[in-house]
Amino acid sequence: MSTSHHHNHVVISIDALRCKVCSRIFPGIPQKMNCGHSLCLRCYDRFAIEHESFHCPICGKPVWNICTAPNFELKGILDSMDKIAGDQRGLLESNLDVATERMIEDNKLMAKQVEKLERENGQFRRDNEQLRQKYSILKEYSSFLGLLFGYAAIAAVWLAVDRFILKYLL
Ligand SMILES: [Zn+2]
Ligand SMILES: [Zn+2]
């Protein structure tokens, strides 16, 4: 971090404010690990969601999720940078990062809703399938009944013809 005094302000190298993994200027609150290094929330989550403990991608020391805490000091520096507006491009970048972060959150939410809808759709499909089965059983039953009536009708006609022959022709 190279600093030079200018009135009440200092100039900070923008690289000091970047996440060492994704190189973005920390959006949101950086996460401080027990090794002393900080990662942006997105990078930290990527490691932490998959493993209960992992190794710091910067120094290789073991990191435990339970020991990680928000780095409010670094967040304070980032916030004061927003106020000072020293580097417009950097500011824009960090705003973009925040917007991206928000979009990712929105997408996650939407994915959850889609998942829920798919579950409901699955239930609907199962209900539909059950109805279909019931209907096909009914259909078979009714066609069986139809067949039975058909045979009964043929038998009745045959019987009538038989009687007619017996009565008048023989
Ligand atoms: Zn990162
Ligand atoms: Zn570290």
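Trainee: Where does UniProt place the feature "transmembrane region"?

Mentor: The unreviewed UniProt entry puts it at residues 141-161. UniProt positions follow the numbering used here, feature names are shortened, and annotations may be inferred rather than shown by experiment. This is a predicted model, where local features need pLDDT of at least 70, side-chain atom pairs count only at pLDDT 80 or more, and totals for chains, interfaces and linings use all residues. Residues are numbered from 1 along each chain as its sequence is written, while chains are lettered from A and ligands numbered from 1 in the order in which they are written.

Trainee: What makes up the span 141-161, helix or strand?

Mentor: That span is 100% helix and 0% strand, with its end C-alpha atoms 30 Å apart. Helices here are DSSP runs of H or I with at least four residues, strands are runs of E with at least two, and both are numbered from the N terminus. The record also gives a "coiled-coil region" at residues 100-134, again from an unreviewed entry. Those residues are 100% helix and 0% strand too, and the end C-alpha atoms sit 50 Å apart.

Trainee: Why is T100 called partly exposed?

Mentor: Count neighbours. A residue is buried if 20 or more other C-beta atoms lie within 10 Å of its own, exposed if 12 or fewer, and partly exposed in between, with C-beta atoms placed from the backbone. T100 has 13 inside 10 Å, so it counts as partly exposed. T100 belongs to helix α3 (residues 88-169).

Trainee: Why does P62 count as exposed?

Mentor: P62 has 12 C-beta neighbours inside 10 Å, so it counts as exposed. P62 is in strand β6 (residues 62-64). Leaving out residues up to four places away in sequence, P62 touches S53 and H55; a contact needs C-beta atoms, placed from the backbone, within 7 Å.

Trainee: And what makes S23 exposed?

Mentor: S23 has 9 C-beta neighbours inside 10 Å, so it counts as exposed. S23 lies in the loop between β2 (9-10) and β3 (31-32), and has a positive phi of about 65° despite not being a glycine.

Trainee: Which residues make up the largest nonpolar core?

Mentor: There are eight: C19, I25, F26, L39, C40, Y44, F47 and L78. Such a core is a set of buried Ala, Val, Leu, Ile, Met, Phe, Trp, Tyr and Cys residues joined through C-beta atoms within 7 Å. Beyond four places in sequence, L39 touches C19, V21, P30, Q31 and Y44. Across the chain's 170 residues, 9% count as buried.

Trainee: What makes β4 and β7 edge strands?

Mentor: Start with the sheet: three strands form an open, antiparallel sheet in the order β4-β3-β7. β4 (38-39) and β7 (69-70) each pair on one side only, and they are the edge strands.

Trainee: How do you know that β3 and β4 pair?

Mentor: Two strands pair if DSSP finds at least two bridges between them. β3 and β4 have two bridges, in the antiparallel sense. K32 has S38 in β4 as its bridge partner.

Trainee: How many helices and strands does the chain have?

Mentor: Three helices and seven strands, following the pattern β-β-β-β-α-β-β-β-α-α along the sequence.

Trainee: What average pLDDT does the chain have?

Mentor: It averages 85, and 89% of the residues score at least 70. pLDDT is the predictor's confidence in each residue, from 0 to 100. Over residues 1-5 it stays under 50, and the model has ten contacts beyond four places in sequence for that stretch.

How values were computed:
Two residues are in contact if their C-beta atoms, placed from the backbone, lie within 7 Å.
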